[in-house]
Amino acid sequence: MKPLKEFTIPFVGLKVGKHNFEFDIKESFFEHFEYEDFNNVNVKVDLVLEKKTTLLELHFKISGFVNINCDLTNEPYNQDIENEFDLVVNFGEEFNDENIDILILPHGSYEINIQQYIYELIVLAVPIKRVHPGVEDGTLDSEILEKLEQLSPKLKEEKEKEEDIDPRWNKLKNLLTDK
């Protein structure tokens, strides 16, 4: 995959200290990764790059929303997301990204591409089970939701009420609760 130029930070010319970068992520970013789960994306990435004499410390913070489809009703909705991540960039003999928090770049490197880290932060910030807020609070009116309600198995208590129970058994049940 070809790296996107706007996510490549040349750190060789930066002074020792903290440097702030901001990125606005839209749908086109995910088209580059061929990721099609999001209908719409509006995420802001704040990156603080702290350059030290022997290493770099990167602190990523994302916030915004992604428009996704509900797993139950397939209705689109905006899912708010937030996530943070710290990355230490050190220098060594060869490139090594085996450790999740430490990236080792070869000596003589002068830039770092952060697009993969941003992509992973956003995708991992989305909950595994995607439920429309209207389903949770009962305000969503959907044919699929009504059909699911009709086809769902009835609770045990409702089944007992439907069955004809001999009234003598009800009197015996009262003995348990009268204590």
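What follows is a working chat about the fold, core, surface and salt bridges of a predicted model.

Trainee: What should I keep in mind about the model before I start?
Mentor: This is a predicted model, in which local features need pLDDT of at least 70 and side-chain atom pairs count only at pLDDT 80 or more, while totals for chains, interfaces and linings use all residues. Residues are numbered from 1 along each chain as its sequence is written, and side-chain values use heavy atoms, with hydrogens and water left out.

Trainee: OK, how many helices and strands are there in the protein?
Mentor: The protein has six helices and seven strands, where helices (H or I, at least four residues) and strands (E, at least two) are DSSP runs numbered from the N terminus. Along the sequence the pattern reads β-β-α-β-β-β-β-β-α-α-α-α-α.

Trainee: And is it spread out or compact?
Mentor: The radius of gyration is 27 Å, well over the 16 Å that the globule rule gives for 179 residues, so the protein is more spread out than a compact globule. That radius is taken over C-alpha atoms, and the globule rule is 2.2 Å times the number of residues to the power 0.38. The C-alpha trace spans about 90 × 40 × 25 Å along its principal axes.

Trainee: How much of it counts as buried?
Mentor: Of the 179 residues, 30% count as buried, meaning under 20% relative accessible area, with exposed being over 50% and partly exposed in between (1.4 Å probe, protein chains only).

Trainee: Which residues have the most contacts inside the largest nonpolar core?
Mentor: They are Ile-25, Phe-60, Ile-114, Ile-118 and Ile-122, in a core of 42 residues. Such a core is a set of buried Ala, Val, Leu, Ile, Met, Phe, Trp, Tyr and Cys residues joined through side-chain atoms within 4.5 Å. The elements that give two or more residues to this core include β2 (17–25), β3 (40–51) and α2 (115–125).

Trainee: What does Ile-122 touch, then?
Mentor: Leaving out residues up to four places away in sequence, Ile-122 touches Ile-25, Phe-30, Phe-38, Val-43, Ile-62, Val-66 and Ile-81, a contact being heavy atoms within 4.5 Å.

Trainee: Switching to charges, how many salt bridges does the structure hold?
Mentor: It holds three, each counted when a side-chain nitrogen of Lys or Arg is within 4 Å of a carboxyl oxygen of Asp or Glu. In one of them, Lys-44 pairs with Glu-22, with the closest N and O atoms 3.9 Å apart. This pair links distant parts of the chain, with Lys-44 in strand β3 and Glu-22 in strand β2, 22 residues apart. Lys-44 is partly exposed at 33% relative accessible area, whereas Glu-22 is exposed at 59%.

Trainee: Where do Arg-130 and Asp-37 sit in the chain?
Mentor: Arg-130 lies in the loop between α2 and α3 (133–137) and Asp-37 in the loop between α1 and β3, 93 residues apart, and their side chains meet in a salt bridge at 3.8 Å, N to O. Arg-130 is buried, with a relative accessible area of 16%, while Asp-37 is partly exposed at 39%.

Trainee: And which residues make the nonpolar surface patch?
Mentor: Leu-72, Ile-144 and Leu-148 make a patch of about 230 Å², with accessible areas coming from the Shrake-Rupley method with a 1.4 Å probe, and, for residues, only the protein chains shown counting as cover. Patches are made of residues with over 30% relative accessible area and no salt bridge, like charges being joined within 9 Å and nonpolar side chains (Val, Leu, Ile, Met, Phe, Trp, Tyr) within 5 Å. Leu-72 lies in the loop between β4 (56–69) and β5 (76–92) and is partly exposed at 36% relative accessibility.
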